[in-house]
Amino acid sequence: MVSLRQFVFVCVFLAGNIIIGSGTERGKCTPTEVAHGYDCGNFNNATLWGKCRIRGDPHFLTWDGVKYDYNAGCVYTILGFCDDSVNLAINVDMQLHPTRAGRYKVVSVTIAWGGASWELTDAKDIVSSGAEAGISAYTEASTSDMQVMGAKPIKCLVVRISENEGMKIEERVRVVFYPEFGLVFVNIAKPWATSDGKKVCGMCGTPNGIASDDLKAESNKPPEEDPLSEKRRRKRMAGDASEIADAWTVPGSCPL
């Protein structure tokens, strides 16, 4: 049985301890997570957790530390299981930046598990749709009056996914999205993501400790089920940002 916990709240830049830099990205829980008894310290353990980041216009940092830029406007899969062992996918929608001519930013993040999906939007909200047996959602909204240099509080959306294993609840994925900045952090439980032959794919790469394969596109789906699979196979060894982006573009999502 899978349980999904979502939190929607206001995050604040703290002087000397910026949540989205040295804080959330590096394992520090947000105030609302702390209030609900969550511990984020393990996210600093590179053996247990992989980290992927997208920021700016846009700059990617893969699970294994590969940095690359990709500037285009479509929907891209940043995390998926190309062996179909888990019916989970995380997609980002990149659109033209409102103030930087010719640049793009992430405007929404969609998490899909089976028939259920949750969209984290630039309207600072979560839109849910569909349902999947064994999946439940918990959402909370809160605010803070803390400010830095007169700036208003910075909103973020957090999603934590955990799975029941017998008497234990094991966390699988954590996603943090800051709409104002198009900033996305994803944590994935490495032992789970690589166990039993699982194969994580997407623009965040593969959390296997091998940086050289993070930009190699791959798909195990047959061509009749995946129109991009042949293209992915041809470009597996390319090691180029445009190649992996092309391989993991969601079909029909690009402007005509």
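Predicted model: local features only at pLDDT ≥ 70, side-chain atom pairs only at ≥ 80, totals over all residues.
Student: Remind me, what is a disulfide?

Tutor: It is a covalent bond that joins the sulfur atoms of two cysteines.

Student: OK, what does Cys-52 form a disulfide with?

Tutor: The partner of Cys-52 is Cys-204, and their sulfur atoms lie 1.9 Å apart. This pair links distant parts of the chain, with Cys-52 in strand S2 (residues 49–55) and Cys-204 in the loop between strand S14 (200–201) and helix H4 (229–234), 152 residues apart.

Student: And is that link of Cys-52 and Cys-204 left-handed or right-handed?

Tutor: The link of Cys-52 and Cys-204 is left-handed, with an angle of -75° about the S-S bond.

Student: Are Cys-52 and Cys-204 buried or exposed?

Tutor: Cys-52 is buried, and Cys-204 is buried as well.

Student: Now Cys-74, which cysteine is it joined to?

Tutor: Cys-74 is joined by a disulfide to Cys-254, with 2.0 Å from S to S. The link of Cys-74 and Cys-254 is right-handed, with 120° about the S-S bond.

Student: Why does Cys-74 count as buried?

Tutor: Cys-74 counts as buried because its relative accessibility is 9%, and the cut-off for buried is under 20%.

Student: What about Cys-254, how is that one classed?

Tutor: Cys-254 is partly exposed, because its relative accessible area is 33%, which falls between the 20% limit for buried and the 50% limit for exposed.

Student: Changing topic, where is Cys-82?

Tutor: Cys-82 is found in the loop between S5 and S6, and a disulfide joins Cys-82 to Cys-201, with an S to S distance of 2.3 Å. Here too the pair links distant parts of the chain, since Cys-201 lies in strand S14, and the two cysteines are 119 residues apart.

Student: Are Cys-82 and Cys-201 buried or exposed?

Tutor: Both Cys-82 and Cys-201 are buried, and for Cys-82 the relative accessibility is 3%.

Student: How far apart are Cys-82 and Lys-199 in space?

Tutor: From C-alpha to C-alpha, Cys-82 and Lys-199 are 5.9 Å apart in space, although they are 117 residues apart in sequence.

Methods:
Residues numbered from 1 in each chain as written. Heavy atoms only, no water. Disulfide = S-S within 2.5 Å. Helix = DSSP H or I, 4+ residues; strand = E, 2+ residues; numbered from the N terminus. Buried < 20%, exposed > 50% of the residue type's maximum accessible area, 1.4 Å probe, protein only.
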